[in-house]
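Let's walk through this model one piece at a time. Keep the structure open as you read.

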Amino acid sequence: MEGSKQPTGAQTATAIVVVAKAPQPGKVKTRLCPPLSPQQAARLYEGFLLDTLSVALAVPHCAVKIVCPTGQDASELAALVPGEVGYIVQSQPGLTAALSETFGACVAAGYSKVLCISSDNPNLPVEYLIQAIERLDEVEVVLGPSEDGGYYLVGAKKVYPSLFEGMEWSNELVLSETLRRVAEARLSQALLPEWYDLDTGLDLVRLARDFLTPDSDGRASRTRQVLETLPPDLLLDYAGPEGLS
């Protein structure tokens with residue numbers, strides 16, 4: 001169901017919804033432990049979420065929301081996130097419900113385009129979200145492929161429950177199975193540029209390396225702040241012979 005905090009309303013044509021939880025130690029980014037402690041992982045997840053929301057809020061003329069599992073999550077997140085962010089509280093648990101209920105709620109509210117993204121995209125280029133919105137002028141479904149075989153974004157103009165029902169998540173076949181379902185439903189689709197998830201210690205090393213590149217543009221400031229608080233040698237065991245340089 002919709003939370004009490006709303007953006008300006010369905011006069012805004014597009015809704016960008018971030019799938020999120022409250023950043024509680026032991027309940028978020030557990031695959032990053034080790035190298036991180038549960039407390040460090042929770043702080044990093046908070047940075048990921050806040051930076052992902054900043055990316056979404058940078059897209060012009062869009063409403064930005066969070067979809068979260070419980071009212072308690074929404075209450076805890078309300079103390080952390082910008083006030084203009086709205087909430088959708090799931091009536092059922094799990095990612096299938098998060099996605100299905102997001103599209104159902106947003107389409108019912110009158111949004112003509114809906115994008116749903118993960119909270120693990122602190123340095124995702126804003127241009128990818130803009131591309132997704134533009135492609136939905138031409139196709140019915142847009143997907144942002146992840147390097148691990150899943151996707152970081154799904155967008156549509158209508159509700160397509162068959163894309164999510166009975167899906168086995170968190171494996172390398174999620175994108176290919178989703179594309180099979182899109183084809184089976186005879187829906188037109190477009191793919192965005194590939195991006196990477198932040199699930200493991202190696203992913204974290206890659207993120208740190210990206211931040212050190214000469215063309216790094218200062219994005220993901222909250223995530224950077226958390227990484228700077230970590231002990232310098234924490235990621236070295238995962239960095240390989242090149243280290244973080």
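Start at K113, which sits in strand β4 (strands are DSSP E runs of at least two residues, helices H or I runs of at least four, numbered from the N terminus). This is a predicted model, where local features need pLDDT of at least 70, side-chain atom pairs count only at pLDDT 80 or more, and totals for chains, interfaces and linings use all residues. Residues are numbered from 1 along each chain as its sequence is written, and side-chain values use heavy atoms, with hydrogens and water left out.

K113 is buried, with a relative accessible area of 11% (buried is under 20%, with a 1.4 Å probe and protein chains only). Its side chain makes a polar contact of 2.6 Å with that of D137 (an N or O pair within 3.5 Å, one able to donate a hydrogen and the other to accept it; sequence neighbours count only if both atoms are side-chain atoms). Leaving out residues up to four places away in sequence, K113 also touches others, including A13, I133 and A156 (contact means heavy atoms within 4.5 Å).

I133 brings us to helix α4, residues 126-135, where Y128, L129, A132 and I133 are buried. They cover an arc of only 140° around the axis, so they share the same side of α4 (the arc is taken from the directions from helix axis to C-beta atoms). Why does that work? An α-helix has 3.6 residues a turn, so residues three or four places apart point the same way. Among the elements covering the buried residues of α4 are β1, α1, β4 and β6.

Notes:
Buried means under 20% relative accessible area, exposed over 50%, partly exposed in between (1.4 Å probe, protein chains only).
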